[in-house]
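Let's take a look at how this chain is put together. Keep the viewer open as you read.

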Amino acid sequence: MSDTGDGQAAYDGRERTFEALPPARGRGFASTWWGRAWLKALEDTALDGQQLGRGRKHAREGAVGAVCVRPGRITAVVRDRDRTPHRSDVLLQELTGAEWERLLDVVADRAGHIAALLDRDMPPQLAEDAAAAGVELLPGIGDLEPQCGCEAWDHCPHTAALCYQVARLLDEDPFVLLLMRGRGERELLDELQVRSVARAAGQRAPHDAAGHAPEGVSAQEAFAAAASRPPLPAPPPAVAEPGRPPALSGGSDPAPGLDVAALEFLAADAAIRAHRLLAEALAPGHTTAPLPNALTLWQDAVRLAAAGPPAGVADRLAAGCGRDRVELARAVRAWGHGGPAGLAVLEEEWTPADEALARARASLAAAWEGEERAPRLRAAGHRWTVVGTDVQLRYGRDGRWWPYRKERGRWWPAGPSNHDPAAALATLDAVPAPAASGVAAAAEGSRATS
């Protein structure tokens, strides 16, 4: 996950869309206690065991499409054996504002609860503490309400298959359950941080003999006092290069099951990231620069794979995210050409809005203007394929063009992006370059020009 162990296609805080998971043949659907509790709620609710059995079979065969998770609802398209699609939804009651307040207080009171959630774990004690505060985190009998396009009134094979597939997502990331209950991961962590800081400040605040906190001073007095204080010390000097991690392979034998090479690679990666973060913190304008978006679990796996890990580590990264070697290799190539933006262009399916589409057409129409050898492009969503070739341009949400080439039956990233589509195509050496510099490419075909 593009934030779980599987592919995540989109994330905006209050909605997460997970790519279709591979078939689950030969494995169970839940290994964590909370994943099993989710399935127990399904199996205790459904009235027809045969429908559940068919749903398990659908899920095992990979019949569940991309899963969209948002507060109070999960949605996916599930296909029958004859490929007939059915939109299936399962509804779960969101927590009320008062329940969220009690739950946040429970989690903030125990640092171990926060640490466990950050480690994608949900200790039973957390659920027990929440229940003691009157908040039921996990669904119970009757809490998973089905809605399906097949119009069944009970859990049908399609909603059951969706629930079994979601159990796999929950295994990897309990924040999926919390999102269903009404709060996204970033929102939840921000609120927990505010509570943790407030608790720490309250513990440190001095009190007088009567137990009252001091009233403080006026802002004018505080500013006047600041003028007489010594200046802050200078920031630390920049570090020339990342530190070298310790060598772990020498000496005594490693613990059973410990992958020393992988651990050394992670230590080196941590040193490199720390060096980069320090350099950014010391750069001018750092305090006003926007914070970067946190990487999802899949993005971070691709970043690690792009750093050239030891043999076998890349395969483990792919398997841990529910991907195969080829998918990871394509993602690594996209990452190398454009980081998270390049990966998004590889994996997203979207159709530009009218305004963005007009800009794309104008950019394409300006290339090879008046020339006889202008390439013909056929549009499908944000993808523009050069007719008669195995090359393609993809239009990014920021207006840049990304070159692609078909290799072994799949489209592979073939170079960095460019605001000029002609320049992006020129990197592929598959179409004639425009005679005039600074112009883009010409688009042809009813879908590209209508």
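## The sheet

Five strands form an open sheet in the order 7-8-9-10-11, with antiparallel pairing. Strands here are DSSP E runs of at least two residues, helices are H or I runs of at least four, and both are numbered from the N terminus; two strands pair if DSSP finds at least two bridges between them. Strand 7 (377-380) and strand 11 (410-413) sit at the edges with a single partner strand each, so one side of each has no neighbour in the sheet. From one strand to the next, the twist averages 30 degrees.

Strand 9 (residues 391-395) pairs with strand 10 (residues 401-407) over five bridges, in the antiparallel sense. Tyr395 has Trp401 of strand 10 as its bridge partner.

## Where the model comes from

This is a predicted model: local features need pLDDT of at least 70, side-chain atom pairs count only at pLDDT 80 or more, and totals for chains, interfaces and linings use all residues. Residues are numbered from 1 along each chain as its sequence is written, and side-chain values use heavy atoms, with hydrogens and water left out.

## Helices on the sheet

Helix 13 (residues 325-347) lies across strand 8 (383-386), strand 9, strand 10 and strand 11, at about 50 degrees to strand 11. Helix 14 (residues 354-365) lies across strand 8, strand 9 and strand 10, running at about 25 degrees to strand 8. Contact means heavy atoms within 4.5 Å; axes are lines fitted to C-alpha atoms, for helices over the stretch in contact, with angles from 0 to 180 degrees between N-to-C directions.
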